[in-house]
Amino acid sequence: MIDKFEGPLVFDCRRVLGLDIRDFGGAVSWRHAYLLVQELMKDPANHLAAAVAEWDYPASREYLATLDLYDLQHKSKAGKGKNPKPYPRPFKDVEKKRFGKTKLSPARAIEVLAARSPLRAGGDAAVMPA
């Protein structure tokens, strides 16, 4: 991770944590470094979280909520039958991204996988087949 996301990691360690990445393994144990990086990953406003998620830029949850409100307001004023283009987000359209080789829609794939799950219909994790 350090090699692939060195820039965002160094930046967030300095900006958010007030640490130099060279402190990891020395003044900051590797266990604590791991926990700190996990916390950085939870906040989409951090450069590291945005880089790992392949976003174009970091965006806070408040910023994303504001964009949703902007789009909703814009759509309400557009008139019937009109669907205005939403304000650009830092992430790619996840609905268009496909994983694997299935030709099923994402919703249908989730249904199929849920039907095969041992936890479906109130099942118990302790009764899962071996």
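## Aspartate 12

Aspartate 12 sits in helix H1; helices here are DSSP runs of H or I with at least four residues, strands are runs of E with at least two, and both are numbered from the N terminus. Aspartate 12 has 0% relative accessibility and is therefore classed as buried. Buried means under 20% relative accessible area, exposed means over 50%, and partly exposed lies in between, with a 1.4 Å probe and protein chains only.

Which residues does aspartate 12 contact, leaving aside its neighbours within four places in sequence? They are Leu17, Leu40, Asn46, His47 and Leu48, where contact means heavy atoms within 4.5 Å.

## The model and the chain

This is a predicted model, in which local features need pLDDT of at least 70 and side-chain atom pairs count only at pLDDT 80 or more, while totals for chains, interfaces and linings use all residues. Residues are numbered from 1 along each chain as its sequence is written, and side-chain values use heavy atoms, with hydrogens and water left out.

The chain contains 5 helices and 0 strands, giving the pattern α-α-α-α-α along the sequence. It has 130 residues, of which 19% count as buried. Its accessible surface is about 10,400 Å², and carbon and sulfur atoms account for 59% of that; accessible areas come from the Shrake-Rupley method with a 1.4 Å probe, and for residues only the protein chains shown count as cover. Among contacts with a separation of 6 or more, 36% are between residues 24 or more positions apart.

## The nonpolar core

A nonpolar core is a set of buried Ala, Val, Leu, Ile, Met, Phe, Trp, Tyr and Cys residues joined through side-chain atoms within 4.5 Å. The largest one in this chain has 11 residues: Phe5, Leu9, Cys13, Leu19, Ile21, Phe24, Val28, Ala33, Val37, Leu40 and Leu48. At least two residues of this core come from each of helix H1 (6-17) and helix H2 (30-42). H2 gives the largest share, 3 residues.

Cysteine 13 is one of the core residues. Apart from neighbours within four places in sequence, cysteine 13 contacts Gly18, Leu19 and Phe24. Leu40 and Leu48, also listed in the core, are among the contacts of aspartate 12.

## Aromatic pairs

Rings of Phe, Tyr and Trp (its six-membered ring) pair if their centres lie within 6.5 Å; planes under 30 degrees apart count as stacked, over 60 as edge-to-face and the rest as tilted. By this rule there are 4 aromatic pairs. One of them joins phenylalanine 24 and tryptophan 30 edge-to-face, with 6.4 Å from centre to centre and 70° between the planes. Are the two partners buried or exposed? Phenylalanine 24 is buried, at 8% relative accessible area, whereas tryptophan 30 is exposed, at 54%.

Tryptophan 55 and phenylalanine 91 form a tilted pair, 5.2 Å centre to centre and 50° between the planes. This pair links distant parts of the chain, 36 residues apart: tryptophan 55 is in the loop between H3 and H4, and phenylalanine 91 is in the loop between H4 and helix H5 (106-116). Both are partly exposed, tryptophan 55 at 22% relative accessibility and phenylalanine 91 at 32%.

## Salt bridges

Side chains of opposite charge can pair when their charged atoms come close. A salt bridge is counted where a side-chain nitrogen of Lys or Arg is within 4 Å of a carboxyl oxygen of Asp or Glu, and the count comes to 8. Aspartate 20 bridges to arginine 14, with the closest N and O atoms 2.9 Å apart, and to arginine 22, with the closest N and O atoms 2.7 Å apart. Aspartate 20 is buried at 17% relative accessibility, while arginine 14 is exposed at 53% and arginine 22 is exposed at 69%.

Aspartate 68 and arginine 89 also form a salt bridge, at 2.7 Å from N to O. Aspartate 68 lies in helix H4 and arginine 89 in the loop between H4 and H5, so this bridge ties together parts that are 21 residues apart in sequence. Aspartate 68 is partly exposed at 46% relative accessibility, and arginine 89 is buried at 19%. Shared partners join Arg14, Asp20 and Arg22 into one network of salt bridges.

## A nonpolar surface patch

Tyr57, Tyr63, Tyr70 and Tyr87 make a nonpolar surface patch of about 390 Å². Patches are made of residues with over 30% relative accessible area and no salt bridge; like charges are joined within 9 Å, and nonpolar side chains (Val, Leu, Ile, Met, Phe, Trp, Tyr) within 5 Å. Tyrosine 57 is located in the loop between helix H3 (47-52) and helix H4 (61-78), and it is partly exposed, at 32% relative accessibility.
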